[in-house]
Amino acid sequence: MRWNFENQSALIEGLKKGNEGAYGYLVEHYHNRLCVYANSLIRDDLMAEDIVQNVFVQIWEKRNKLKHDFSLENYLYKSVHNKFIDQYRKGKAVMALEKKYIAALELAIEEKDEIQEQKILNILFDAIQELPPKCKQIFLMSKKEGLTNIEISEYLNVSKKTVEGQITKAFGILREKLGKKYEMILMLIFSTHTKKHLR
């Protein structure tokens, strides 16, 4: 039988049957793209490579559970994202959002005051936790995990416009809730975001 692995159903069928050609095609076709995606999350080439390799191994080991009626590409990206979250929870990833907050606080507070910085951080994080569930999820995926709007839309299976709307909504809620006292800090943290998402 001659396989055409460009056809997703044939590729999945080949994987389920343990066809090494199918596995080779999968790796060759998606490896680089997944590494770029993983590196955009974790900012570490070696760890990104490890994540992608683990995803391919996992697919091969669980190939019998693959279904013909789902997007293999989405499954791969979601698997990479889930592996990144696992790494993050083990303390191996950088919390970009927290670093950005601290950098903004240092600019906003003339005399470095660690107690004051921590107090403001706590208020900001509490406000984020109180965002509506979907709004909070999308906001954190964007600002904490560093995902692009397209990646978030693909992961959650929603439109890019929905993602943009939820991020803008989160910013609006935070700005209204925290008030003028924190306006400068919010603008420092979200200046890039507001230019990108509100135009």
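N19 sits in the loop between helix 1 and helix 2, where helices (H or I, at least four residues) are DSSP runs numbered from the N terminus. Its C-alpha atom lies 9.7 Å from that of W3, 16 residues away along the chain. Skip the neighbours within four places in sequence, and N19 is in contact with W3, F5, G14 and W60, contact being heavy atoms within 4.5 Å. A word on ground rules: this is a predicted model, in which local features need pLDDT of at least 70 and side-chain atom pairs count only at pLDDT 80 or more, while totals for chains, interfaces and linings use all residues. Residues are numbered from 1 along each chain as its sequence is written, and side-chain values use heavy atoms, with hydrogens and water left out.

Now look at the helices on either side of that loop. The axes of helix 1 (residues 8-16) and helix 2 (residues 20-42) come within 7 Å and cross at roughly 125°. That makes helix 1 oblique to helix 2; under 35 degrees would count as roughly parallel, over 145 as roughly antiparallel, 65 to 115 as roughly perpendicular, and the rest is oblique. Axes here are lines fitted to C-alpha atoms, for helices over the stretch in contact, with angles from 0 to 180 degrees between N-to-C directions. L11, G14 and L15 of helix 1 meet A22, Y23, Y25 and L26 of helix 2. Sorted by class, that contact has six nonpolar residues, one polar and no charged (Ala, Val, Leu, Ile, Met, Phe, Trp, Tyr, Cys and Pro count as nonpolar, Asp, Glu, Lys and Arg as charged, the others, Gly among them, as polar).

Helix 7 (residues 133-143) packs against helix 8 (residues 149-156) at an angle of about 135°, axes 10 Å apart. So helix 7 is oblique to helix 8. On the helix 7 side you'll find Q137, I138, M141 and S142, which meet I152, Y155 and L156 in helix 8. The residues of this contact split into five nonpolar, two polar and no charged.

Helix 8 also meets helix 9 (residues 160-178): their axes come within 8 Å and cross at roughly 110°. The two are therefore roughly perpendicular to each other. From helix 8, N149, I150, I152 and S153 make the contact, with K160, V163, E164 and I167 from helix 9. This time the classes come out as four nonpolar, two polar and two charged.

The largest cavity has a volume of about 60 Å³, taken as the space filled by probe spheres set on the points, which are joined across faces, edges and corners. Its lining, meaning residues with an atom within 4 Å of a point, consists of Y37, N74, Y77, K78, E151, E154 and Y155. Helix 4 (72-89) and helix 8 are the elements that give two or more residues to it. By class, the lining has three nonpolar, one polar and three charged residues. Y155, then, turns up in this lining as well as in the contact of helix 8 with helix 7.

Methods. 1 Å grid on protein atoms, 1.4 Å probe; cavity = no way out; pocket = protein on both sides within 12 Å on 5 of 7 lines; lining within 4 Å.
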